[in-house]
Amino acid sequence: MGKAKFQIERRCEVCGNPFFAKTLESRYCSEKCGQVAYTRRKREAKKLKKLQELTEQIDDDRDYITVPEAVAMYSVSRTSLYQYIHDGRIPSINLGVRLIRVSRKELEKYFPKRNFEKKPARVLPKLYNLEPENCYTIGEISKKYNMDESTVYLHIRKYGIPTRQIGNYVYVPKYEIDNLYK
């Protein structure tokens with residue numbers, strides 16, 4: 001990623017300190033803050049995976065569930081759930097030490113079910129027909145659009161347009177070039 005030609009002042013997402021971004025996508029002031037953010041993302045992903053596994057083990061026909069199961073199924077923290085039970089807003093049954101059961105129906109009134117989103121499918125790159133009859137050469141592009149060959153190469157690299165070299169000629173898909181220089 002290239003450097004920005006102007007200075008962008010940002011606030012670090014980890015430590016909150018202001019910094020000048022080196023690129024447009026910079027979010028952290030240092031490599032250390034980047035590592036901290038990475039560790040947090042991995043920890044959160046591991047936690048969500050654990051909650052999802054616990055949720056999958058719960059039978060759908062059970063009316064009363066344990067507190068850890070409720071935390072896994074619904075978007076609620078353990079302390080908030082205990083506070084709701086203590087206040088009497090959510091009815092519960094105490095079967096002994098660490099054996100509290102809460103009503104699913106009451107939980108659904110207060111909290112939405114946790115949504116375990118799957119990552120969207122990775123978008124595959126376009127497939128191009130790079131046969132010479134479907135492509136322009138660099139020389140043809142520079143003549144057609146009245147620009148220098150170095151500028152054409154610069155735009156091809158900048159916009160990630162695929163190329164194919166056969167002998168001394170570099171071929172670029174006509175479709176991409178026509179869209180670029182409309």
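**Leu 48**

I started with Leu 48 and found it in helix α1 (residues 31–57). Helices here are DSSP runs of H or I with at least four residues, strands are runs of E with at least two, and both are numbered from the N terminus. This is a predicted model, so I kept in mind that local features need pLDDT of at least 70, that side-chain atom pairs count only at pLDDT 80 or more, and that totals for chains, interfaces and linings use all residues. Residues are numbered from 1 along each chain as its sequence is written, and side-chain values use heavy atoms, with hydrogens and water left out.

My cut-offs are under 20% relative accessible area for buried and over 50% for exposed, with partly exposed in between (1.4 Å probe, protein chains only).

Next I looked up what Leu 48 touches, leaving aside neighbours within four places in sequence, and got Arg 114 and Phe 116. Contact means heavy atoms within 4.5 Å. I also noted that Leu 48 and Ala 72 are 24 residues apart in sequence, with their C-alpha atoms 8.5 Å apart in space.

**Aromatic rings**

I searched the whole structure for aromatic pairs and got five. Rings of Phe, Tyr and Trp (its six-membered ring) pair if their centres lie within 6.5 Å; planes under 30 degrees apart are stacked, over 60 edge-to-face, and the rest tilted.

Tyr 84 and Tyr 110 have ring centres 5.3 Å apart and planes at 75 degrees, so I wrote them down as edge-to-face. Tyr 84 sits in helix α3 (residues 78–87) and Tyr 110 in helix α4 (residues 104–110), so this pair ties together parts 26 residues apart in sequence. Tyr 110 is partly exposed, at 38% relative accessible area.

For Tyr 169 and Tyr 171 I have centres 6.5 Å apart and planes at 45 degrees, so that pair is tilted. Tyr 171 counts as buried, at 13% relative accessibility.

Back at Tyr 84, I saw that ring pairs link it with Tyr 110 and Phe 111 into a cluster. Arg 89 lies over the face of Tyr 84, 4.1 Å from the ring centre. For that I need NZ of Lys or CZ of Arg within 6 Å of the ring centre and within 35 degrees of the ring normal.

**The whole protein**

Last, I checked the overall picture: seven helices and eight strands. The C-alpha atoms fill a box of roughly 85 × 40 × 25 Å along the principal axes. Of the 182 residues, 26% are buried.
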